[in-house]
Each structure stands twice: as structure tokens, then as C-alpha cells.
Amino acid sequence: MTARLLDGRVLAGHLRTELRDRVERLAATVGHGHPPVLAILGDGHHGAASMYAASLERAAKGVGVETEVIVDGDALVPAIERLNVEPRVAGIVVAQPFEDVAAGRRLVEHIDPEKDVDGATPTSAGRLARGEPAFVPATALAVIAIIEEYEVPVAGLRAVIVGRSAVVGRPVFSLLLARDATVVVCHTRTRDLAAETQRADLIVAAAGVPGLIRGEMVPPGAIVVDCGINATPDGIVGDVAFDEVAPLAKAITPVPGGIGPVTPMMVLRQLVEAAERRASAAA
Ligand code: NDP
């Protein structure tokens with residue numbers, strides 16, 4: 001068996017076209033004659049956070065969304081308070097982590113939950129965990145988007161998630177459960193990771209460990225989604241040993257070119273939906 005490639009670049013291209021049209025329509029019909037604005041905040045100290053902020057800016061530009069970028073360690077709370085009440089601003093993202101990790105986490109609590117387009121606030125996390133409509137962390141949403149783009153039916157699947165972080169593993173758990181998968185979440189204290197993954201129909205790897213998921217851990221015919229973005233001397237690699245797993249799997253995301261390009265589009269999709277809701281409430 002050779003796996004079907006779940007190509008995130010292709011999906012990101014489709015999303016770009018769709019969102020560009022919706023942004024144009026918003027700018028034309030809202031009546032205030034401007035596209036929605038995405039505010040991106042950070043402390044500018046962490047490479048991964050700066051890369052995320054830059055990828056969001058690029059993606060926003062590609063669909064005609066305006067951005068306001070604020071990089072500052074000190075004045076971010078008043079900035080968020082201003083952005084919360086600024087009508088042009090439809091979404092606010094804080095690019096994590098901060099140098100002071102706890103301060104970065106506390107900062108998101110100031111975001112108006114109605115502008116939380118990267119699903120970072122406790123309000124969004126609570127709504128998602130309760131199975132209510134919610135903004136969702138973009139990477140988790142990208143996992144679902146890529147599965148749905150390739151028409152993988154999730155209901156009834158045994159899904160095994162490797163990783164339980166607030167930005168990937170936990171929200172993926174809620175999203176898969178809401179789609180009627182039977183879900184197991186693994187972490188560093190899982191006694192026998194291979195025994196869990198070997199029983200999976202769908203494996204979602206989000207551990208941040210290069211090549212953690214080896215060929216012998218994957219049953220033939222499984223669907224494998226790799227969220228990992230790990231910098232190594234050989235370049236960016238995922239959490240899945242792609243060359244070992246691809247010959248076994250039914251479908252697999254590559255790294256790079258899988259979840260990565262879809263993630264910023266998920267922020268923008270949530271932003272456009274938020275702007276559309278505001279526009280129809282104002283009409
Ligand atoms: P975290 O470090 O916050 O969480 C990693 C999780 O994986 C933890 O729950 C940890 O368990 C678990 N884990 C680590 N090692 C093992 C192991 N050997 N066996 C089983 N479980 C393990 O990482 P993130 O969730 O933020 O990110 C995960 C990966 O996804 C990274 O490569 C990151 O770069 C990537 N990422 C990609 C994004 C994208 O847009 N594509 C966005 C965000 C992240 P425990 O809880 O016990 O410590």
C-alpha cells in the first residue's frame with residue numbers, strides 16, 4: 001500500500017481563494033468599506049512565535065485581510081483593551097510562547113472572547129470542551145480541515161492522539177469526539193505508546209519529538225496526521241518517521257506541506273466568520 005498524500009498546500013490554496021472572495025464581499029457589503037483587521041501581538045523574543053506571527057501576516061495579506069502587528073513586552077494589555085473595542089478589528093492573536101511563558105498565557109485572558117480567532121482564551125477552551133460552538137486553536141482545526149478535505153469519515157474511528165497540550169492535543173480530542181470518533185490521548189506517562197497506536201484507525205501526532213512514530217507503531221491502513229514542526233540539522237521534520245510510515249498508511253500528511261500551511265488559514269477562516277457574524281448583526 002502506498003499512502004494517499006494529504007496535501008496541506010493544496011487545501012491552503014482552496015481556502016485562500018474562498019476566503020479572498022468572502023473578504024471582498026465583506027468589504028463591499030458591510031457598509032463601512034474596509035476589510036476586517038487581524039491584530040497580531042507578541043513580545044518578539046521567541047523564534048517560533050515570530051515565525052507564526054510572520055506566517056499569519058503573509059496569509060492575511062494573501063486573502064486581503066489587513067493586519068495590525070504589535071511587538072512589545074510591556075504595553076500589550078492596554079493594546080488588547082483598545083483592540084477589543086475597535087470595530088474594524090475582527091480578531092486578535094497573541095503569538096506564543098513569550099520569553100515569560102506564564103505572562104504570555106495570562107495576556108490572552110484580556111482578549112474579548114468574540115475576537116479570539118485562535119481559540120486561546122479560557123472561554124473558548126471551555127466552550128469547546130463542553131461541545132459548544134467555539135473558536136478553536138488553529139492547528140487543531142487544521143487537523144479536522146485536512147481530514148474533511150480528503151473525505152475521511154471520522155465517525156466510529158478509533159483515534160489515537162499523541163500529545164495533550166492546550167493548543168493541539170486537547171482541542172483535537174474535543175473536535176474528534178464531537179465527530180463521534182472513539183478517542184485515546186497519549187502523553188509522556190503513557191505506559192506503552194506503541195500498543196496504543198497499533199490499535200488506531202487514525203493517529204494524530206503532536207508531541208514535538210522528531211520521528212517519534214515509527215513504522216512498527218502503525219497498523220496497515222491507518223490514517224496518519226503529523227502536527228510536528230521540529231527543527232533538526234536535516235531541516236524541518238515531523239513527529240512521524242515519514243519514510244517508514246507512508247508505505248503502510250492509507251493516508252498521511254507530509255512535513256513540511258501538511259498541517260503547517262493550513263494552520264494560518266484556520267485563523268483567517270475564524271476571523272472571516274466572526275466578521276460575517278458582526279456584519280449580519282449590524283445589518
Ligand atoms: P508541547 O510540548 O506543548 O506538548 C507536547 C505533548 O506531547 C505533551 O503532552 C507531551 O506529554 C507529549 N509528548 C512528548 N513526548 C512524548 C513521547 N515521547 N511520548 C508520548 N507523548 C509525548 O507541544 P505542542 O503541542 O505545542 O506542539 C507539538 C508539536 O506540534 C511540535 O512539534 C510543534 O512544533 C508542533 N506545532 C505545530 C503547529 C502547526 O501549526 N503545525 C502549531 C503548534 C505546534 P506530557 O504532557 O506528558 O509532557
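The protein chain is divided into domain 1 (32-112) and domain 2 (138-260), with bounds that come from an automatic or database domain assignment. Taken over C-alpha atoms, the centres of domain 1 and domain 2 are 28 Å apart. The structure is a predicted model, in which local features need pLDDT of at least 70 and side-chain atom pairs count only at pLDDT 80 or more, while totals for chains, interfaces and linings use all residues. Residues are numbered from 1 along each chain as its sequence is written, and side-chain values use heavy atoms, with hydrogens and water left out.

**Ligand surroundings**

There are 21 residues around the ligand, and Thr139, Arg164, Ser165, Thr188 and Ile229 come nearest; a residue is near if one of its heavy atoms lies within 4 Å of the molecule. The shell residues divide into eleven nonpolar, nine polar and one charged. The table gives polar contacts, that is, pairs of N or O atoms within 3.5 Å.

| Residue (side chain) | Ligand atom | Distance |
|---|---|---|
| Thr139 | oxygen | 3.2 Å |
| Arg164 | oxygen | 2.7 Å |
| Thr188 | oxygen | 2.4 Å |

On its own the ligand has 930 Å² of accessible area, of which the protein covers 69% (Shrake-Rupley method, 1.4 Å probe).

**Thr263**

Thr263 is found in helix 10, residues 259-282. Thr263 counts as buried because its relative accessibility is 6%, buried meaning under 20% relative accessible area (1.4 Å probe, protein chains only). Apart from neighbours within four places in sequence, Thr263 is in contact (heavy atoms within 4.5 Å) with Tyr52, Ala138, Thr139 and Ala142. Thr139 in turn has a polar side-chain atom 3.2 Å from a ligand oxygen atom.

Terms used: Polar contact = N/O pair within 3.5 Å; in protein donor to acceptor, adjacent residues only side chain to side chain. Nonpolar A, V, L, I, M, F, W, Y, C, P; charged D, E, K, R; others polar. Helix = DSSP H or I, 4+ residues; strand = E, 2+ residues; numbered from the N terminus. Buried < 20%, exposed > 50% of the residue type's maximum accessible area, 1.4 Å probe, protein only.
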